[in-house]
Amino acid sequence: MAMQCIYVALGGALGAVGRYLMGFVPFLPKSSFPAATLLVNLIGAVLIGMIAQIAAQKGLENSGAVLFLKVGVCGGFTTFSSFSLEAVSLFSTGKTALGAAYIALSVVLCLLGVLLGQWLGQKLA
């Protein structure tokens, strides 16, 4: 159990640093729409879908590598708490349409991202 916790902790640290660095991507617009968080959640959805699919196909769901990647890296990288705060902030500042669009895009794109990741995982496994 201790080793599994170490895998998750190390992956989580890498994921969190990756999330922080995404804030410096120069092509992302700096506006009231939280594009960086949306992109992080979409990337995380694709990655977690792909990792889960490959792990399931290879019977490795409980391996240290999968804990490191799925629970650690993806868990530390994705930003659902940031997403929630940004959505509430958009609503509380009167940007209702923008907030609704952000929520809809986040949910739909990330669900599609998981499906894409699973498809990629089938191709790569």
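The buried residues of helix α4 are Phe83, Ala87 and Leu90. They cover an arc of only 60° around the axis, which puts them on the same side of α4. This is a predicted model.

- Helix α4 runs over residues 80–92, which makes 13 residues.
- An α-helix has 3.6 residues a turn, so residues three or four places apart point the same way.
- Buried here means under 20% relative accessible area, and exposed means over 50%.
- Turned away from the buried side is a face with the exposed residues Ser81, Leu85, Val88 and Ser92.
- The cover over the buried residues of α4 includes α2 and α5 (96–124).

**Helix α4: span and end**
- From its first C-alpha to its last, α4 reaches 18 Å.
- That is close to the 18 Å expected at 1.5 Å a residue.
- Gly94 follows α4, and its phi is positive, near 80°.

**Helix α2: span and end**
- Helix α2 takes in residues 35–58, a run of 24 residues.
- Its first and last C-alpha atoms are 35 Å apart, close to the expected 34 Å.
- Gly59 follows α2, with a positive phi near 70°.
- Helix α2 is also part of what covers the buried residues of α4.

**A nonpolar surface patch**
- Met3, Ile6, Tyr7 and Leu10 make a nonpolar surface patch of about 360 Å².
- One of these residues, Leu10, lies in helix α1, which spans residues 2–22.

Methods
Residues are numbered from 1 along each chain as its sequence is written. This is a predicted model: local features need pLDDT of at least 70, side-chain atom pairs count only at pLDDT 80 or more; totals for chains, interfaces and linings use all residues. Side-chain values use heavy atoms; hydrogens and water are left out. Helices (H or I, at least four residues) and strands (E, at least two) are DSSP runs, numbered from the N terminus. The expected span of a helix is 1.5 Å times one less than its number of residues. Buried means under 20% relative accessible area, exposed over 50%, partly exposed in between (1.4 Å probe, protein chains only). The arc is that of the directions from the helix axis to the C-beta atoms. Contact means heavy atoms within 4.5 Å. Patches are made of residues with over 30% relative accessible area and no salt bridge: like charges are joined within 9 Å, nonpolar side chains (Val, Leu, Ile, Met, Phe, Trp, Tyr) within 5 Å. Accessible areas come from the Shrake-Rupley method with a 1.4 Å probe; for residues, only the protein chains shown count as cover. A salt bridge is a side-chain nitrogen of Lys or Arg within 4 Å of a carboxyl oxygen of Asp or Glu.
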